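Hello,

Here is the structure I promised to pass on to you. Please have it open while you read my notes below.

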Amino acid sequence: MTENISKASDEEQIRALINEWAKTLRAKDVDGVLAPFAADIVIFDLAPPLRSTGADPNGLQAWFSTWESPLGYEIRDLNITAGSDAAFCHCLSRLSGTKGNGEKHELWFRQTFCFRKIGGAWKIVHQHESVPFYMDGSYRAAVDLKP
Amino acid sequence: MATATIEHTAEAEIRGLIKDWAKAAGTFDIDRVMEAYTPDILAFDAIAKLQFKGAKAYREHWQACAAMCPGPMIFEVHNLAIEAGDDVAFGHYLVRCGTIGEDGKEQAGYMRATVCCRRTSGQWKIAHEHFSAPFDPESSKALLGLEP
């Protein structure tokens with residue numbers, strides 16, 4: 001019983017963290033986006049490199065500044081699995097907005113977040129964001145898929 | 001100490017699970033590949049679709065992949081890192097995968113992999129996995145030639 005309550009509470013904590021993170025992303029708030037990242041987070045990003053470790057506030061700021069504010073960010077099918085000190089979740093996400101040059105963009109992509117409870121608080125220790133690619137010989141990134 | 005031992009054991013079990021799975025994946029032994037998954041697995045694969053929901057849909061995708069790659073495969077797990085809690089764990093690695101041509105020439109590249117596991121009835125299974133290559137935002141092409 002106690003275990004059930006604490007599991008629900010861990011799941012709720014992660015749901016709240018993701019909702020808050022989404023708000024900071026929409027607001028292009030660099031500190032807010034990076035706040036739940038563990039210092040040694042391992043990131044597999046949409047764009048290269050293959051893999052990076054640790055947050056990159058300057059890179060994030062530079063990317064934010066290519067968009068006119070604010071950013072559209074919508075999460076679908078968020079599925080959370082939480083233990084007492086390790087957890088993960090995945091979702092389909094839609095990023096949208098207008099670039100500085102006036103071009104409108106919309107992208108559906110996949111997100112996986114992995115968490116560790118560090119000092120009593122959930123932290124993101126691994127993040128994987130991607131789109132699939134087409135195996136039709138073109139190796140085009142599938143930036144046109146919708147759920 | 002006790003917690004550390006449990007985590008150590010769980011990590012070793014998950015390492016074993018991924019090792020067996022990778023061996024099966026590299027030879028397209030699909031029955032053995034599927035043994036690693038929970039029935040409700042949700043997969044984000046590197047190709048074709050945004051997601052595959054459930055073991056049946058994912059098995060069909062594996063079968064389609066096997067049909068695309070009839071020859072010998074390269075499937076190597078590099079830089080595997082695992083974080084194990086009590087009944088929930090996850091890991092990530094780089095996978096070098098590709099094909100070996102009739103002339104023995106390898107055509108392979110690195111991709112990223114994340115595996116998320118649950119323990120039910122004492123057994124670790126993969127409940128979610130995510131494979132991908134990054135893409136060039138300018139050309140919108142997947143980048144399959146990146147080195148770690």
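Two strands are said to pair if DSSP finds at least two bridges between them. Helices (H or I, at least four residues) and strands (E, at least two) are DSSP runs, numbered from the N terminus. By that rule, strand 4 (residues 86-98) and strand 5 of chain A pair in the antiparallel sense over 13 bridges.

Before going further, a word on conventions. This is a predicted model, in which local features need pLDDT of at least 70 and side-chain atom pairs count only at pLDDT 80 or more, while totals for chains, interfaces and linings use all residues. Residues are numbered from 1 along each chain as its sequence is written, chains are lettered from A and ligands numbered from 1 in the order in which they are written, and side-chain values use heavy atoms, with hydrogens and water left out.

The sheet in chain A

Chain A has an open sheet of six strands in the order 2-1-6-5-4-3, with mixed pairing. Its edge strands are strand 2 (52-53) and strand 3 (72-82), each of which pairs on one side only. Strand 5 of chain A also runs antiparallel to strand 6 (residues 121-130) of chain A, and nine bridges join these two.

Both of these pairings are hairpins. Between strand 4 and strand 5 of chain A there are five residues, and A:Gly102 in that turn has a positive phi of about 90°. Between strand 5 and strand 6 of chain A there are two residues, and here A:Gly119 in the turn has a positive phi of about 55°. If you want a bridge to look at, A:Leu95 has A:Leu107 in strand 5 of chain A as its partner.

A:Gln111 is found in strand 5 (residues 104-118) of chain A and stands opposite A:Glu129 in strand 6 of chain A. Is A:Gln111 buried or exposed? It counts as buried, because its relative accessibility is 1%; buried means under 20% relative accessible area, exposed over 50%, and partly exposed in between (1.4 Å probe, protein chains only). The side chains of A:Gln111 and A:Tyr73 are joined by a polar contact of 2.4 Å. (A polar contact is a pair of N or O atoms within 3.5 Å; within protein, one must be able to donate a hydrogen and the other to accept it, and residues adjacent in sequence count only if both atoms are side-chain atoms.) Leaving aside neighbours within four places in sequence, A:Gln111 is in contact (heavy atoms within 4.5 Å) with residues of both chains, including A:Trp21, A:His90, B:Phe44 and B:His130.

Backbone points to check

Most residues other than glycine have a negative phi, and most peptide bonds are trans. The peptide bond from A:Pro48 to A:Pro49 is cis, with omega near 10°, and A:Pro49 is found in the loop between strand 1 (37-44) and strand 2 of chain A. A:Lys28 has a positive phi, near 55°; this residue lies in the loop between helix 1 (2-26) and helix 2 (30-34) of chain A, and counts as buried because its relative accessibility is 16%. In chain B, phi of B:Ala48 is positive too, near 75°. B:Ala48 is found in the loop between strand 1 (37-44) and strand 2 (52-53) of chain B, and at 36% relative accessibility it counts as partly exposed.

Best wishes
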